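I opened my notebook for a slow look through this one. Have the model on your screen and follow along with me.

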Amino acid sequence: MEMGELDLNKLLTSRQNPEAAKFDPVFVRCYWKEMLECLQSVHQYDIVHSDLKPANFVLVRGRLKLIDFGIANAIQTDETVNVHRETQIGTPNYMSPESLMDSNNPRGGRLPGRPKLMKLGKPSDIWSLGCILYQMVYGLPPFGHIANQMARCQAIINWDHHIDFPSRAMGGVPVPPSLLRTMRRCLNRDIH
């Protein structure tokens, strides 16, 4: 057991106050690398976390640690690369499209007599990390500007809803092209 000093959500909130918020590429690069290392440690054992969000990354002696495996599931690798879940669990700002869609009926709606079924794999965690990275760059997750949670969830699963990737981050700082490419790759609705 380790004593966490601060979670990433509180750290981001303190750094992104409206008066002085400014994109810091060194800060983002450092914590992005640590988030990737945390997730790689989990994925190498075929575990899908399913609830990645800033509050689930805790600083312990200056290093990020991933916590809250309450809804994580192991992938049965001999059968599939996905975890099947019958309930939606997660934090809407960071939930992947596949965590919100019924894989029994990908066209939407519920099929009578069949439970709702979500198929989640490692790409779902990558999407969530992309949402955190986007928030670190722009101050809000990609769908954070949509106040109504139902409308936010609908936008996440709507392939026609465009995600904006402005060339300027918080404080008007230019976003490096490589960072724009990384965010676009993480926030791709096509899980393949």
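Below are my entries, from the overall fold down to single residues.

**Entry 1: the overall layout**

I noted first that this is a predicted model. I then looked up the secondary structure and found six helices and seven strands in the protein chain. Along the sequence the pattern reads β-α-α-β-β-β-β-β-α-β-α-α-α. I checked burial next: of the 192 residues in the protein chain, 45% are buried. I also looked at contacts with a separation of 6 or more, and 69% of them come from residues 24 or more positions apart.

**Entry 2: α4 against α6**

The crossing of α4 past α6 is left-handed.

Which residues in α4 meet α6? I listed Ile 126, Trp 127, Gly 130, Leu 133, Tyr 134, Val 137 and Tyr 138. On the α6 side I wrote down Leu 179, Leu 180, Thr 182, Met 183 and Cys 186. I sorted the residues of this contact by type and got ten nonpolar, two polar and no charged.

**Entry 3: aromatic rings**

How many aromatic pairs does the structure hold? I count four. For Trp 127 and Phe 143, the ring centres are 6.4 Å apart and the planes are at 20°; stacked means under 30 degrees, so I logged this pair as stacked. Trp 127 sits in helix α4, residues 122-138, while Phe 143 sits in the loop between α4 and α5 (149-157), so the pair ties together parts 16 residues apart in sequence.

Are these two residues buried or exposed? Trp 127 has 2% relative accessibility and counts as buried. Phe 143 is buried too, with a relative accessible area of 0%.

I also found a cluster in which ring pairs link Tyr 134, Tyr 138 and Phe 165. Tyr 134 and Tyr 138 were already on my list of α4 residues that meet α6.

**Entry 4: Ile 146**

I went back to the loop between α4 and α5, where Ile 146 is found. Ile 146 has 14% relative accessibility; the cut-off for buried is under 20%, so Ile 146 counts as buried. Setting aside residues up to four places away in sequence, Ile 146 touches Ala 151, Arg 152, Ala 155 and His 161. I looked up Asn 93 as well: Ile 146 and Asn 93 are 53 residues apart in sequence and 9.6 Å apart in space, C-alpha to C-alpha.

Val 58 has its place in strand β3 and counts as buried at 12% relative accessibility. Not counting residues up to four places away in sequence, Val 58 touches Gly 4, Glu 5, Leu 6, Asp 7, Arg 63, Leu 64, Lys 65 and Ile 67. Val 58 and Glu 5 are 53 residues apart in sequence, with 7.2 Å between them in space, C-alpha to C-alpha.

Where is Asn 56 found? I located Asn 56 in the loop between β2 (47-48) and β3 (57-60). Asn 56 is buried, with a relative accessible area of 4%. With residues up to four places away in sequence left out, Asn 56 touches His 49, Asp 51, Lys 65, Leu 66, Ile 67 and Asp 68.

Technical notes. Residues are numbered from 1 along each chain as its sequence is written. This is a predicted model: local features need pLDDT of at least 70, side-chain atom pairs count only at pLDDT 80 or more; totals for chains, interfaces and linings use all residues. Side-chain values use heavy atoms; hydrogens and water are left out. Rings of Phe, Tyr and Trp (its six-membered ring) pair if their centres lie within 6.5 Å; planes under 30 degrees apart count as stacked, over 60 as edge-to-face and the rest as tilted. Helices (H or I, at least four residues) and strands (E, at least two) are DSSP runs, numbered from the N terminus. Buried means under 20% relative accessible area, exposed over 50%, partly exposed in between (1.4 Å probe, protein chains only). Contact means heavy atoms within 4.5 Å. A crossing is left-handed if the near helix is turned anticlockwise from the far one by less than a right angle, and right-handed if clockwise. Ala, Val, Leu, Ile, Met, Phe, Trp, Tyr, Cys and Pro count as nonpolar, Asp, Glu, Lys and Arg as charged, and the others, Gly among them, as polar.
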